Amino acid sequence: MLTGQARIAFVAGEAGCGKTALVRELARRARAAHAGLVTATGRCNAHTGIGDPYLAWREILAQLGGEVEAPWAAGAMGREEATRLWALLPHTGQALVEAGPELVGCWSRRGDAGAR
């Protein structure tokens with residue numbers, strides 16, 4: 001996990017069984033043990049109709065893109081987690097410019113993320 005490569009985990013279960021609490025605590029402990037570790041999480045809700053099947057991915061990409069104010073204000077992440085995600089922003093932007101130029105327009109609301 002600490003080899004400089006990303007990992008993805010899916011946690012599934014019945015509503016109210018503690019998935020969010022489990023993931024938050026696991027992420028908190030991992031960040032406490034490893035100062036350079038960054039975590040980003042996304043959630044889905046299968047009980048709200050068709051919904052957005054990519055919502056979890058969109059939330060994760062938004063966090064990696066520095067949009068952490070809303071989750072922080074809602075209590076979904078702490079100050080330390082937000083700070084680590086903000087610090088990652090130059091690397092995330094560079095990765096987008098190098099590896100996904102066709103996604104830059106989708107990533108930014110103004111379409112000028114590469115310039116920033």
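## Reading helices, rings and a surface patch

Analyst: L89 has its place in helix α4. The model is predicted, so every value here is computed from that model.

User: Is L89 buried, partly exposed or exposed?

Analyst: Read the relative accessible area against two cut-offs: under 20% is buried, over 50% is exposed, and in between is partly exposed. L89 has 33%, so this residue is partly exposed.

User: What happens to the helix axis at L89?

Analyst: For a bend, compare the axis fitted to the seven residues ending at a position with the axis fitted to the seven starting there. At L89, α4 bends by about 45°. A proline, P90, follows within four residues.

User: How far apart are the end C-alpha atoms of α4?

Analyst: Take 1.5 Å times one less than the number of residues as the expected span. The 21 residues of α4 should span 30 Å, and the end C-alpha atoms are 29 Å apart, which agrees.

User: Which residues of α4 are buried?

Analyst: Apply the cut-off of under 20% again. In α4 the buried residues are E81, A82, R84, L85, T92 and L96.

User: How far is L89 from E67 in space?

Analyst: L89 and E67 are 22 residues apart in sequence, and their C-alpha atoms are 9.7 Å apart. E59 belongs to helix α2. At 26% relative accessible area, E59 is partly exposed.

User: How many helices and strands does the protein chain have?

Analyst: Count the elements, then read their order. The protein chain has 5 helices and 0 strands. From the N terminus on, the order is α-α-α-α-α. Of the 116 residues in the protein chain, 18% are buried.

User: How many aromatic pairs does the structure hold?

Analyst: Ring centres within 6.5 Å make a pair, and planes over 60 degrees apart make the pair edge-to-face. The structure holds 2 aromatic pairs. In one of them, the F10 and W57 rings have centres 6.0 Å apart and planes at 75°, so the pair is edge-to-face. F10 lies in the segment before α1 (19–33) and W57 in helix α2, so this pair ties together parts 47 residues apart in sequence.

User: Are F10 and W57 buried, partly exposed or exposed?

Analyst: F10 is exposed, at 70% relative accessible area. W57 is partly exposed, at 37%. W72 and W86 also form an aromatic pair, edge-to-face, with 5.7 Å centre to centre and 70° between the planes. W72 lies in helix α3 (residues 69–73) and W86 in helix α4 (residues 79–99), so the pair ties together parts 14 residues apart in sequence. W72 is partly exposed at 30% relative accessibility. W86 is partly exposed at 31%.

User: Which residues form the nonpolar patch on the surface?

Analyst: Look for nonpolar side chains within 5 Å of each other, on residues with over 30% relative accessible area and no salt bridge. Here the patch is formed by I8, F10, Y54 and W57. Together they have about 540 Å² of accessible area. W57 is in helix α2, which covers residues 55–64.

Note on methods: Residues are numbered from 1 along each chain as its sequence is written. This is a predicted model: local features need pLDDT of at least 70, side-chain atom pairs count only at pLDDT 80 or more; totals for chains, interfaces and linings use all residues. Side-chain values use heavy atoms; hydrogens and water are left out. Patches are made of residues with over 30% relative accessible area and no salt bridge: like charges are joined within 9 Å, nonpolar side chains (Val, Leu, Ile, Met, Phe, Trp, Tyr) within 5 Å. Accessible areas come from the Shrake-Rupley method with a 1.4 Å probe; for residues, only the protein chains shown count as cover. A salt bridge is a side-chain nitrogen of Lys or Arg within 4 Å of a carboxyl oxygen of Asp or Glu. Helices (H or I, at least four residues) and strands (E, at least two) are DSSP runs, numbered from the N terminus. Rings of Phe, Tyr and Trp (its six-membered ring) pair if their centres lie within 6.5 Å; planes under 30 degrees apart count as stacked, over 60 as edge-to-face and the rest as tilted. Buried means under 20% relative accessible area, exposed over 50%, partly exposed in between (1.4 Å probe, protein chains only).
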